[in-house]
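Biologist: I would like to learn how to read a few features of a protein model. Please take them one by one.

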Amino acid sequence: MPAAMTILDPERSHTFAVWLASKGLIPMDKGGDPEILNTTVFGLPFPNPIGLAAGFDKHGQAVDGMLKAGFGFVEIGSVTPLPQAGNAKPRVFRLMEDYAVINRYGFNSDGHQAVQSRLEQQYQTRGHPPGILGINLGKNKTSDAVEDYVKGVQCFSGWGDYLVINVSSPNTPGLRSLQGRQQLEKLVDKVLEVRASLPIDKQHPLLVKIAPDLTDDDKQDIAAVVTRQKGGVDGIIVTNTTVARPETLKSVNKKETGGLSGKPLTEMSTRTVSDMYKLTGGKLPIIGVGGISTGKDAYDKIKAGASLVQLYTALCFEGTPIVKKIKRELAELVRNDGFNSVEEAVGIDHVKQS
């Protein structure tokens, strides 16, 4: 467990970890990636399929540091058009006994202009980051959602390798209602229209991030929108944090409001990955997120249909060395099952069932 966890409160610990990564003061993975973990998704070459989920580096301060720590890709954000402070503190809570975290940050963000300027300065200093960069877009608390996501696509096209429309945070009022069929269709149509108006080299893959707290009808509606022949998105991220509170939770902090992440989310998110893979016919790349702390957790999501996976909460408990451990365990599992590449294992559970 990182020493800062025993000294600092959760938010200070988070801020300190980002600062350390921004200065390159965290353990680096100098071993490189096993060739068996190399994969191509969205036409982009990923050195390995283990990514850093949005929420850790909200303001684009630590991209290089986290890539050098061994992640195959890093997703920053969520970034909102205007700067906003987010919800009142305290707003992050550790559930030590449950290997979990509850947060209600509420899209605290430096805003588009500040984050874009930060990325521009970094690009001028060292060029494109040494890996794949995703930018997760959010909306301001009281503004129009469609307009805010359009602004995000306009602002960050050309600065990341893929963009994410985050409609699944539980901490912004009304945000999750955008996952409804009509609302999502309207939003997707507009952002795709804006992307199509940009120069071809700035038309990045566009993904939608969804919640784990969805009914079967919700999932069917989302699948229908994202796979439309008329024009859908390029991928989905499954899932964000959950508002559910499993009966197995032991920590006194389980009563806090906000999104629950970590171990209690593992099975729920993997099940949602599997459901969305089925509903989309395996035609749309999925990034699986939720409760990943071992190579097996990552492999389970890949076999359920995820082409890539992301983690965040496990870092809070074990620090960046966990990335190297997960990659080593995942490579061994893929190899032991007779695959030549991790790509061959994507969705294999569905092949076995049929």
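Modeller: What follows goes through a sheet, then a single residue.

Modeller: This is a predicted model, where local features need pLDDT of at least 70 and side-chain atom pairs count only at pLDDT 80 or more, while totals for chains, interfaces and linings use all residues. Residues are numbered from 1 along each chain as its sequence is written, and side-chain values use heavy atoms, leaving out hydrogens and water.

Biologist: In what order do the 3 strands of the open sheet come?

Modeller: Strands of a sheet pair through backbone hydrogen bonds, either parallel or antiparallel. Here the order is β5-β6-β11, with antiparallel pairing. Strands are DSSP runs of E with at least two residues, helices are runs of H or I with at least four, and both are numbered from the N terminus. Two strands pair if DSSP finds at least two bridges between them.

Biologist: Which strands stand at the edges?

Modeller: β5 (92–95) and β11 (259–262) do; each has a single partner strand, so one side of each lacks a neighbour in the sheet. β6 (residues 100–103) pairs with β11 over 4 bridges, and N103 stands opposite G259 in β11.

Biologist: Is T320 buried or exposed?

Modeller: Buried means under 20% relative accessible area, exposed over 50%, and partly exposed in between (1.4 Å probe, protein chains only). T320 has 11%, so T320 is buried. T320 lies in the loop between α10 (313–318) and α11 (321–336).

Biologist: Which residues does T320 touch?

Modeller: Contact means heavy atoms within 4.5 Å. Not counting residues up to four places away in sequence, T320 touches I26, P27, M66, A69 and L315.
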